[in-house]
Amino acid sequence: MKKHIFSLLLILFAISGSAFAQTATIRGVVTDAETNEAVPQANAFIVEILRGDAADLNGNFEITGVPYGEYTFRVSSIGYVTYEEAISVNQSLITVNVALAPDLAQLGDVVVTGYASVQKREL
């Protein structure tokens with residue numbers, strides 16, 4: 001009888017533990033909005049829990065172990081405008097595909113010498 005009670009308690013404990021530990025995976029692809037090409041090494045990040053991933057060479061990213069809830073999802077890459085969206089994580093797999101717009105603000109030409117840096121037009 002004690003074995004049956006212990007087994008029942010063990011099963012109930014396992015079920016209740018899995019109910020409270022619901023996590024999700026967020027997957028997606030980061031592309032350039034103009035050319036539709038992959039943006040490698042773009043950073044996909046969930047602000048509230050400080051968890052993220054860098055996109056691979058094909059623009060794919062995957063963030064695992066995200067607890068269910070409401071979050072701010074941010075994607076950024078050098079040369080692109082940062083993308084930000086509110087997402088609701090309420091199932092085990094979420095797909096978020098992002099098209100980043102190129103940032104039109106460009107850096108000026110700079111030439112670095114051994115002692116100082118000057119504008120290219122001043123050389």
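1. Glu-84 is partly exposed, at a relative accessible area of 48% (buried means under 20%, exposed over 50%, partly exposed in between, with a 1.4 Å probe and protein chains only). Its salt-bridge partner is Arg-74, and the closest N and O atoms of the two are 2.7 Å apart (a salt bridge is a side-chain nitrogen of Lys or Arg within 4 Å of a carboxyl oxygen of Asp or Glu). Glu-84 belongs to strand β6 (residues 83-89) and Arg-74 to strand β5 (residues 69-76), so the pair ties together parts that are 10 residues apart in sequence. Arg-74 is also partly exposed, with a relative accessible area of 31%.

2. On provenance, this is a predicted model, in which local features need pLDDT of at least 70 and side-chain atom pairs count only at pLDDT 80 or more, while totals for chains, interfaces and linings use all residues. Residues are numbered from 1 along each chain as its sequence is written, and side-chain values use heavy atoms, with hydrogens and water left out.

3. The salt bridge count is two. Besides the Glu-84 pair, Glu-62 forms a salt bridge with Arg-27, again with a closest N and O distance of 2.7 Å. This pair links distant parts of the chain, 35 residues apart: Glu-62 is in strand β4 (residues 60-67) and Arg-27 in strand β1 (residues 23-32). Glu-62 is partly exposed at 36% relative accessible area, and Arg-27 is partly exposed at 40%. Strands here, as for helices (H or I, at least four residues), are DSSP runs (E, at least two residues), numbered from the N terminus.

4. Strands β3, β2, β5 and β6 form, in that order, an open sheet of four strands with antiparallel pairing (two strands pair if DSSP finds at least two bridges between them). β3 (51-54) and β6 stand at the edges with a single partner strand each, so one side of each is left without a neighbour in the sheet. On average, neighbouring strands of this sheet are turned by 20° against each other, direction ignored (axes are lines fitted to C-alpha atoms, for helices over the stretch in contact, and angles run from 0 to 180 degrees between N-to-C directions).

5. Within the sheet, β2 (residues 43-46) is joined to β5 by four bridges, and the two run antiparallel. Ala-44 has Val-75 of β5 as its bridge partner, and Ile-46 has Phe-73 of β5.

6. Seven bridges pair β5 with β6 in the antiparallel sense. Val-75, which is the partner of Ala-44, has Tyr-83 as its bridge partner in β6. The two strands β5 and β6 form a hairpin with six residues between them, and Gly-79 in the turn has a positive phi of about 90°.
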